[in-house]
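Here are my notes on the model, as numbered points. Please read them with the structure open.

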Amino acid sequence: MSFDQAMGDGFLTTKLDALIKWGRYNSVWPMPMGLACCAIEMMAFAGPKYDAARFGSEVFRFSPRQSDVMIVSGWVTYKMSHAIRRIWDQMPDPKWCIAMGACASTGGMHRCYGVVQGVDNFLPVDAYISGCPPRPESVINALIKIQDKIKAEQSLSLDH
Ligand code: SF4
C-alpha cells in the first residue's frame, strides 16, 4: 500500500499546498512608497518595537521586482502618480497595495488640482488605513488583512 493510499487520497498535495500557502503569507515583502509624513509611521512599523518579522514582512525591498506589497504613505501628486504606477507595473504578480493614511486613501486635506484624490484612482488598493497619521499597529492590521486574502485564495491543487 502506497503512502498516499494509507493516508487518504490527496494527502500529499493538500499538505504541500498548505505549506506553499503558509510560506507565501509569511513572506509578504513591502515596497515602501514613502511620500510624506505618514512614512515616519511606516518606518516605525519596520523597526524592532513593532517586530514585523513576526509576519515575515520586516524585509523592506527597494527593488519592485523583489516586492509583494506596496505601502503608499502620503499624498500623491499627479506628476508623481506616473512614477508610482510604473513601479507598481514592475512588481511581479501576485501583488498587493496598502493605502496608508487619509492622504493616500482620499487625498486627505489636500483638496487641490495637483493631488490625486486617493491612490485607488490609479492602483488597485487591497487595504485602506484611516488616520492622520495612522499608528504602526494599523499597518500590521492591514498586513494581516492581506495575509487573510492569501489564505482565502483558491488552492493550487494539482488535480485540476
Ligand atoms: S494622512 Fe496626515 S500624516 Fe499622513 S501624509 Fe497625510 S497629512 Fe501627513
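1. The shell around the ligand divides into eight nonpolar, three polar and no charged residues. Here Ala, Val, Leu, Ile, Met, Phe, Trp, Tyr, Cys and Pro count as nonpolar, Asp, Glu, Lys and Arg as charged, and the others, Gly among them, as polar. Surrounding the ligand are Ala36, Cys37, Cys38, Gly74, Trp75, Gly101, Ala102, Cys103, Gly108, Cys132 and Pro133; a residue is near a molecule if its C-beta atom, placed from the backbone, lies within 6 Å of it. H5 gives the most to this shell, with three residues.

2. On provenance: this is a predicted model, in which local features need pLDDT of at least 70 and side-chain atom pairs count only at pLDDT 80 or more, while totals for chains, interfaces and linings use all residues. Residues are numbered from 1 along each chain as its sequence is written. Helices (H or I, at least four residues) and strands (E, at least two) are DSSP runs, numbered from the N terminus.

3. Pro133 lies in the loop between S4 and H6. The peptide bond from Asp93 to Pro94 is also cis, with omega near -5 degrees, and Pro94 is in the loop between H4 and S3.

4. The largest nonpolar core has 37 residues, and those touching the most other members are Val69, Met70, Ile71, Val72, Ile98, Ala99 and Met100. Such a core is a set of buried Ala, Val, Leu, Ile, Met, Phe, Trp, Tyr and Cys residues joined through C-beta atoms within 7 Å. S3 supplies the largest share, five residues. Beyond its neighbours within four places in sequence, Met100 is in contact (C-beta atoms, placed from the backbone, within 7 Å) with residues including Ile71, Val72, Ile129 and Val139.

5. H6 has 17 residues and reaches 25 Å from first to last C-alpha, close to the 24 Å expected at 1.5 Å a residue; the expected span is 1.5 Å times one less than the number of residues. Val139, Ala142, Leu143 and Ile146 are buried in H6. A residue is buried if 20 or more other C-beta atoms lie within 10 Å of its own, exposed if 12 or fewer, and partly exposed in between. The buried residues of H6 fall within an arc of 100 degrees seen down its axis, so they line one face. H3, S2, S3 and S4 are among the elements covering them.

Methods: Two residues are in contact if their C-beta atoms, placed from the backbone, lie within 7 Å. The arc is that of the directions from the helix axis to the C-beta atoms.
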